[in-house]
Amino acid sequence: MSITDWILHVDLDQFIAAVEVARHPELRGKPVIVGGKGDPSQRAVVATASYEARESGVHSGMPLRTAAKRCPDAVFLASDPPAYEAVSERVMATLREFDAVVEVMGWDEAFLGVTTDDPEAFAEDVQRVVAEETGLSCSVGIGDNKMRAKVATGFGKPAGRYRLTRQNWMSVMAERGPDALWGIGSKTTHKLADMGITTVAALAAADPNELAARFGPTMGPYFRALAHGAGDREVTATPYVPRSRSRETTFQRNIADPAEIAGQIAALAGRVAEDVVAEGRPAVRVGVKVRFAPFVTQTKSITLEGPTSEAVVIERAALSVLERFELDRPVRLLGVKAEFDPS
């Protein structure tokens, strides 16, 4: 890679909350929490929270009721996906005005492949133009591959810039936990801790054979490679396509009857099947999510015998997955997901 080829990760700051504040300027500077129907007395989870709300310990995925207890002065708003999608499209259109390859990763983030002698100046221009065109702020991570650029963004938040490359990777990352790496979550971090691996440096120095024995011949070495900062360097303008379609429902009162639970799963599977048909791509895997009371979530899935868009097959698969759960506790949420072939 030449010294003028860079990957920038552009991440919109507190995106959903920022969109809502732009729509309601009187909320600027106040703790704002978005989720469900905007009613903390009902069962739903936080979609996003403004920085002011996060200072009180509110975070995405938290029950709205818990968020209300932690931040009683917060303003709660209903989630409005169409509005967020419209603003996202404006942002991505703005990014495409730059001399860069833009790879959209979701509503609020994209990778930019750029050729420049001054990536910080390029990043600053991106931040300025996005703010002028949309009123939103963004953070930009600068890297020599996607993984480093993505991780770098976290060091630049909010509204800042940070460069993370092969040269400074270990000096910055060595003593951080493995979950600081893009692609390693809390479950894997706990499993690594059981092996005595609690830092990025320790993971980078770990025995590949031991990792393979614990996580499999593919994922074990992959985790070690992440610790060394390895990552994809190709940025493509191929339009973003969702990897899955899912539907879920939160019950205002717990349900426990197995027949009722199965009926709800069948109904959700039917809605997912409609989404699959609308997407125009067959599903290859079906998953089910069950959230037991008080707030314990489990997910299980199966690979289908072959790609399909047929509702009866997706429903049958979802009910088959449901049989793998021990329905010995009341249920507060159910979900069904259909995954597409990633290739």
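# A first look at this predicted model

Threonine 165 sits in the loop between strand 8 (161–164) and helix 7 (169–173); helices (H or I, at least four residues) and strands (E, at least two) are DSSP runs, numbered from the N terminus. This is a predicted model, in which local features need pLDDT of at least 70 and side-chain atom pairs count only at pLDDT 80 or more, while totals for chains, interfaces and linings use all residues. Residues are numbered from 1 along each chain as its sequence is written, and side-chain values use heavy atoms, with hydrogens and water left out.

**Around threonine 165**

- Threonine 165 is buried, because its relative accessibility is 7% (buried means under 20% relative accessible area, exposed over 50%, partly exposed in between, with a 1.4 Å probe and protein chains only).
- Leaving aside residues up to four places away in sequence, threonine 165 touches Trp6, Asp144 and Arg148; contact means heavy atoms within 4.5 Å.
- Two of those neighbours, aspartate 144 and arginine 148, meet through their side chains in a salt bridge (3.1 Å, N to O). The term stands for a side-chain nitrogen of Lys or Arg within 4 Å of a carboxyl oxygen of Asp or Glu.
- Aspartate 144 is buried, with a relative accessible area of 12%, and arginine 148 is buried at 8%.

**Other salt bridges**

- By this rule, the count of salt bridges is 16.
- One of them joins aspartate 80 to arginine 23, with the closest N and O atoms 2.9 Å apart.
- Aspartate 80 belongs to the loop between strand 4 and helix 4, and arginine 23 to helix 1, so this pair ties together parts that are 57 residues apart in sequence.
- Both partners are partly exposed: aspartate 80 at 24% relative accessibility, and arginine 23 at 41%.
- Lysine 150 and glutamate 109 also form a salt bridge (2.8 Å, N to O). Lysine 150 is in helix 6 (residues 146–156) and glutamate 109 in strand 6, so the pair links parts that are 41 residues apart in sequence.
- Lysine 150 is partly exposed at 21%, whereas glutamate 109 counts as buried at 17%.
- A network of salt bridges links Asp11, Asp13 and Lys157.

**Nonpolar cores**

- In soluble globular proteins, nonpolar side chains tend to be buried together.
- The largest nonpolar core here has 34 residues, and those with the most contacts inside it are Leu8, Phe15, Leu95, Leu112 and Val126. Such a core is a set of buried Ala, Val, Leu, Ile, Met, Phe, Trp, Tyr and Cys residues joined through side-chain atoms within 4.5 Å.
- Elements that give two or more residues to this core include strand 1 (5–12), helix 1 (15–23), helix 5 (119–134) and strand 7 (138–143). Helix 4 provides the largest share, six residues.
- Valine 126 touches Val10, Leu95, Phe98 and Leu112, not counting residues up to four places away in sequence.
- Apart from this core lies another, of 27 residues, with Ile265, Leu268, Val272 and Phe340 among them.

- Three strands make an open sheet in the order 3-2-4, with mixed pairing; two strands pair if DSSP finds at least two bridges between them.
- Strand 3 (48–49) and strand 4 (75–77) are at the edges with a single partner strand each, so one side of each has no neighbour in the sheet.
- Strand 2 and strand 4 pair in the parallel sense over three bridges, and valine 34 has leucine 77 in strand 4 as its bridge partner.
- Strand 10 (residues 283–292) and strand 11 (residues 296–308) run antiparallel, joined by nine bridges.
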